[in-house]
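User: I want to learn how to read the local features of a protein model. Can we go through them one by one?

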Amino acid sequence: MTVPLPCSFWFLLLFGAGGLVLFIHLQDLSEMVQQPAPGQWERNYTLFYKASKQLRALHSATPGSREQDIGSLRVTKRHRKLLKTSPVVSNNSHNSSSSSSGSPDSPEESWQWHRLSHIQEARRRLMKEVCAKYKSSISRTITPHHVSRIYVEDKYKLLYCEVPKAGCSNWKRILMVLSGLASSTHEIKHDAVHYGNHLKRLDSFDRQGITQRLETYTKVLFVREPLERLVSAFRDKFENPNTYYHPVFGKPIISKYRVNASKVALRTGSGVTFQEFMQYLLDVHRPVGMDIHWEPTSQLCSPCLLDYNFIGKFETMEEEANFLLRRTGAPHNLTFPSFKDRNPKAERTSTHLTHRYFAQLSTSERQRAYDFYYMDYLMFNYSKPFKDLY
């Protein structure tokens, strides 16, 4: 014989079920409408980048390997909803025709398109906030000096600011292909890139030409972790034979900072140590001036004055550069090259290698180096490289 359950039991059961449904609904709703914080897309970038690469690998994987790879993907439900519900952010209004020609063709590309657009929005917003706070008193007059490091590609309406040791050689190759000077980036030698004078600089135009291009072209800037870029420059210019940097920079550095320097070292300028180089860099009375290879990007490219449309990062260069090329309507067979043409067998400068070099310095010297590049760290959202920094 079945015993009837009291009404209170059914009431409590229905009440609990209804509450559970309401909780799930509100949680999903809150996830869909929540807007990302200024640095949220930047902080999640590594996750998204790795996930997108894994997704691409799954498309080409054999059936037997897919099940194993799927378990390593960690794109959360919330990330997918944010990407699905957030609008694509255009880098500039005047390039709408180019953008449409390079629009995503698949759901995966659409997902990447949303992600990278949001990253750009966050980077540009941060740059403007930092400029408004720290650079509000700078002159708004643009001089030829401010645009002297900017290369011009008129056909695709690109302005690229050269930041040495942040992929500039390969970016120049891209510009040479876009302008019709070469059919492939792989056929362009290093000397042709840097000494051929094939590309036009913005300061070669008259004032009207400079202003018109700044207002209508896509202004591009690629940056790199400041101290990693510094170590890369030191290794390239001082640890390898160099007929310019050794006599021009090495000789005065050794002369001022090395005790009992040998006659050979004073004559050639070869063998500058990292400690000596840092003494030179942090000296307010340097024996020789600044160089573009270690000048802070915030000074080299005048971002507070020129308001770049696209801010890429060396750490994720290939994906972001190709995204930009698609946005500008570049040929689909043109992709950003990943090869290293100077000292290709040498270990690439990494975070780990950078820490090895800075371990040779004192805590005070590391702090001063961080302070030297403080605006770059702040403006481009790089975290402190060492725990003992304040």
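Analyst: Start with the elements. Helices (H or I, at least four residues) and strands (E, at least two) are DSSP runs, numbered from the N terminus. Residues are numbered from 1 along each chain as its sequence is written. This is a predicted model, where local features need pLDDT of at least 70, side-chain atom pairs count only at pLDDT 80 or more, and totals for chains, interfaces and linings use all residues, while side-chain values use heavy atoms, with hydrogens and water left out. Lys157 gives a case in a loop: it sits between strand 1 and strand 2.

User: How many helices and strands does the protein chain have?

Analyst: The protein chain has 20 helices and 5 strands.

User: How do I read burial, and what share of the protein chain is buried?

Analyst: Of the 390 residues of the protein chain, 47% count as buried. Helix 8 (residues 168–178) is mostly covered, with 11 of its 11 residues buried. Among them are Trp171, Lys172 and Arg173.

User: What covers the buried residues of helix 8?

Analyst: Contact comes in here; it means heavy atoms within 4.5 Å. The cover includes strand 1 (150–153), strand 2 (158–161), helix 9 (190–195), strand 4 (218–223) and helix 17. Gly180 follows helix 8, and its phi is positive, near 85°.

User: Which residues other than glycine have a positive phi?

Analyst: Lys157 is one of them, with phi near 55°. Lys157 counts as partly exposed because its relative accessibility is 38%. Asp307 is another non-glycine case, at about 50°. Its place is the loop between helix 16 (303–306) and strand 5. At 31% relative accessibility, Asp307 is partly exposed too.

User: How do I read a helix with buried residues on one face?

Analyst: An α-helix has 3.6 residues a turn, so residues three or four places apart point the same way. Now take helix 18 (residues 351–358): its buried residues are Leu353, Thr354, Tyr357 and Phe358. They line one face of helix 18, because they fall within an arc of 135° when seen down its axis. That arc is taken from the directions from the helix axis to the C-beta atoms.

User: Which helices do the buried residues of helix 18 pack against?

Analyst: They pack against helix 11 (226–238), helix 14 (274–282) and helix 19 (363–372). Leu227 lies in helix 11. Leu227 is buried, at 1% relative accessibility. Leaving aside neighbours within four places in sequence, Leu227 is in contact with residues including Thr354, Phe358 and Tyr377. The C-alpha atoms of Leu227 and Thr351 are separated by 9.0 Å, although the two are 124 residues apart along the chain.

User: What share of the contacts in the protein chain is between residues 24 or more positions apart?

Analyst: It is 72% of the contacts with a separation of 6 or more.

User: What is a nonpolar core, and which residues have the most contacts inside the largest one?

Analyst: A nonpolar core is a set of buried Ala, Val, Leu, Ile, Met, Phe, Trp, Tyr and Cys residues joined through side-chain atoms within 4.5 Å. The largest has 59 residues, and Phe277, Met278, Trp294 and Phe358 have the most contacts inside it. A second, separate core has 29 residues, including Tyr156, Leu199, Leu325 and Leu334.

User: How do I read two packed helices?

Analyst: Two packed helices are described by the angle between their axes and the distance between the axes. Axes are lines fitted to C-alpha atoms, for helices over the stretch in contact, and angles run from 0 to 180 degrees between N-to-C directions. The axes of helix 7 (residues 107–134) and helix 17 (residues 317–327) come within 11 Å and cross at roughly 100°. That makes helix 7 roughly perpendicular to helix 17. The cut-offs are under 35 degrees for roughly parallel, over 145 for roughly antiparallel, 65 to 115 for roughly perpendicular, and oblique for the rest.

User: Which residues make the contact?

Analyst: Helix 7 gives Gln112, Trp113, Arg115, Leu116, Ser117 and Arg123, and helix 17 gives Glu319, Glu320, Phe323 and Arg327. Leu116 is buried, with a relative accessible area of 5%. Leu116 and Glu320 are 7.5 Å apart, C-alpha to C-alpha, and 204 residues apart in sequence.

Terms used:
Buried means under 20% relative accessible area, exposed over 50%, partly exposed in between (1.4 Å probe, protein chains only).
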